[in-house]
Amino acid sequence: MKGLEKFIYGILGSRKKKTLVIVLTAIAFFLSLMMFPTKMVLAKMLPGKSDNTYSVYVTTPTGSSIEQTNAVSQCVIDILKNEKQVMNLELFLGQGIPLDYAGLVKGASMKHTENVSEISVNLTDKHTRKEPSFLMTQRLRPIVKKKCLPIVKGTKIQFIEQPAGPPTLASIVLEVHGDDIDKMRKISVQAANILAKTKGLVDIDVMMDDIYDKYELIPDEEKIALSGLSVEQVNNILYLAFEGMVIAHKNSKNAPDQIPIFLILQKKSKALNGKSERILQSKLSSLNLMNMKGMMVPLSEVVTIRKAKSSPMIIHKDLSRMINVTAETDMVSQVYPLLAAREKMIKAFSKDYTIKKAGFTTYMFDLYLTDKKTGEKFLLRWDGEMKVTLDTFRDLGGAFIAALLLIFLLLVIYYKSFMISGIILLGSFLSLIGVIVGHWVANFFTSETFFLTATSLIGFIALMGISSRNSLLLIDFAKSLMECHGMEKREAIAVATATRAKPIALTAVAIILGSALLASDPVFGGLGVALISGTVAAVFVSLLFVPVLMHNAKAMDFDLSDHCDLKNDISITK
């Protein structure tokens with residue numbers, strides 16, 4: 001300890017050395033903060049989670065047949081089944097998979113159309129598998145899309161992982177609010193194209209149905225009655241000709257309910273040779289029904305064909321009509337691609353709209369658009385995991401500020417000095433240097449990006465109490481040496497630093513060893529790294545920076561007091 005005492009004593013005796021310590025600490029703090037804008041350290045709500053399952057969503061263009069959807073789905077399955085880590089696959093054609101954690105907010109249970117399918121992929125146990133599920137999806141995504149997307153033009157294939165935290169619709173969600181649905185659709189498509197060209201974003205999707213022409217078959221009740229037919233007869237043959245229908249039921253002792261017997265025409269008989277009204281009319285003419293007089297009546301005589309537009313899905317949020325544009329991040333933080341895409345959108349939409357940015361809230365990235373010609377207003381609101389990240393960091397930041405204020409008030413009450421309390425808090429806050437640098441160093445020991453997450457902030461808040469304790473040890477002991485032993489201020493601080501270095505170091509070692517198990521966890525790794533690296537930084541700050549502040553503070557100039565029991569004092573070996 002003599003060496004450390006002499007070292008601190010020498011620093012405190014030189015104005016240049018004290019200034020150098022303060023300047024170097026300030027530079028270290030500034031450089032650590034610069035790791036965020038320079039992307040050396042990336043912030044994210046939670047890192048990727050390795051799970052035993054993930055899903056693949058296949059969406060062919062609106063109006064596609066079940067055969068086309070199946071062709072794309074089988075292409076995806078052919079690629080996935082060659083993976084050694086894939087145990088089994090299950091295809092849900094024309095519907096969503098049974099509701100799971102990810103499907104809670106993604107609306108998987110509401111999918112019941114011919115142009116959708118979902119593939120459930122079950123993997124080997126994550127504890128015995130070398131490749132995490134989130135890295136597997138990252139590797140397979142470009143392979144699958146390159147081979148399977150060309151099968152049906154306009155198809156979307158999404159790899160959906162189980163979320164590590166609160167489930168959200170997507171990593172990045174852009175809500176387009178407004179009253180003019182046509183302009184909303186145009187804005188949504190334009191925004192989706194910008195997101196698709198933004199580096200780091202994948203699986204872009206616009207959650208709106210395409211509007212297409214369709215033909216409605218309307219039974220003419222008056223003609224049906226005049227022809228001696230019934231509406232039920234007409235409906236039954238229409239269902240049989242184009243879809244199929246239940247014609248009977250079978251009972252079985254092994255089934256609790258009746259088993260329906262479904263009758264359907266052969267594909268060749270059911271399929272149309274084109275999409276025109278003339279071909280549909282010809283199909284109806286070939287279908288005949290026998291009336292009550294035994295005469296055959298062509299179906300085209302009692303059914304009217306009407307051309308109409310399809311009815312798209314309508315989505316509302318807070319009584320406001322909207323369209324969702326979603327995107328997933330490809331192992332990057334959501335912040336940087338969002339900011340890049342937002343700047344491109346501002347530039348693109350400024351031609352036709354007056355743009356106003358939102359204020360400083362958790363909706364700070366929102367854009368308010370006003371049509372320059374009509375004055376119509378639209379809102380581009382950013383949601384999804386990005387919004388959850390902002391909310392979480394806001395809440396944790398509030399908790400951090402509250403912790404600082406409470407600690408500061410307690411210290412002021414105890415020391416009756418704002419200066420000493422400020423020294424303790426400043427020394428504690430500088431452990432942030434270690435937290436940030438520790439996440440940068442962790443990147444060299446992991447195959448994927450090591451993000452600064454919400455758990456990292458929890459670790460930093462926990463460090464406030466630990467690092468405050470270090471400064472308390474030094475100040476109390478130095479105060480005792482000056483008051484009770486009449487030791488000179490510079491010498492007392494040097495002796496206190498050298499004497500308390502051992503318990504501070506032992507406490508740090510205990511925290512580091514206890515946090516080492518957390519560092520390798522995919523979700524709580526940020527907490528472990530924050531505690532380890534922040535503790536290391538707190539030790540250096542406590543033993544170098546805090547003594548300098550103590551020596552410069554006039555509040556540390558104590559007078560000899562009568563309340564000190566010199567007889568019971570422990571002698572200090574110099």
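Between which two helices does the loop that holds K416 lie?

K416 is placed in the loop between α12 (385-415) and α13 (418-429); helices (H or I, at least four residues) and strands (E, at least two) are DSSP runs, numbered from the N terminus. The model is predicted, so local features need pLDDT of at least 70 and side-chain atom pairs count only at pLDDT 80 or more, while totals for chains, interfaces and linings use all residues. Residues are numbered from 1 along each chain as its sequence is written, and side-chain values use heavy atoms, with hydrogens and water left out.

K416 has a phi near 55°, a positive value in a residue other than glycine. K416 is exposed, with a relative accessible area of 72%; exposed means over 50% (1.4 Å probe, protein chains only). L319, in the loop between β13 (315-317) and β14 (320-329), has a phi near 65°, also positive. L319 is exposed, at 85%.

## The largest cavity

The whole structure holds three cavities of 30 Å³ or more. On a 1 Å grid over the protein atoms alone, a cavity is a set of points where a 1.4 Å probe fits but cannot get out, and lining residues have an atom within 4 Å of a point. The largest cavity has a volume of about 490 Å³, the space filled by probe spheres set on the points, which are joined across faces, edges and corners. Of its 30 lining residues, the closest to the centre are E161, P163, S171, E328 and E385. α5 gives the most to this lining, with four residues.

## The second largest cavity

The second largest cavity contains about 70 Å³ of space. β14 gives the most to its lining, with three residues.

Definitions and conventions. Buried < 20%, exposed > 50% of the residue type's maximum accessible area, 1.4 Å probe, protein only. 1 Å grid on protein atoms, 1.4 Å probe; cavity = no way out; pocket = protein on both sides within 12 Å on 5 of 7 lines; lining within 4 Å.
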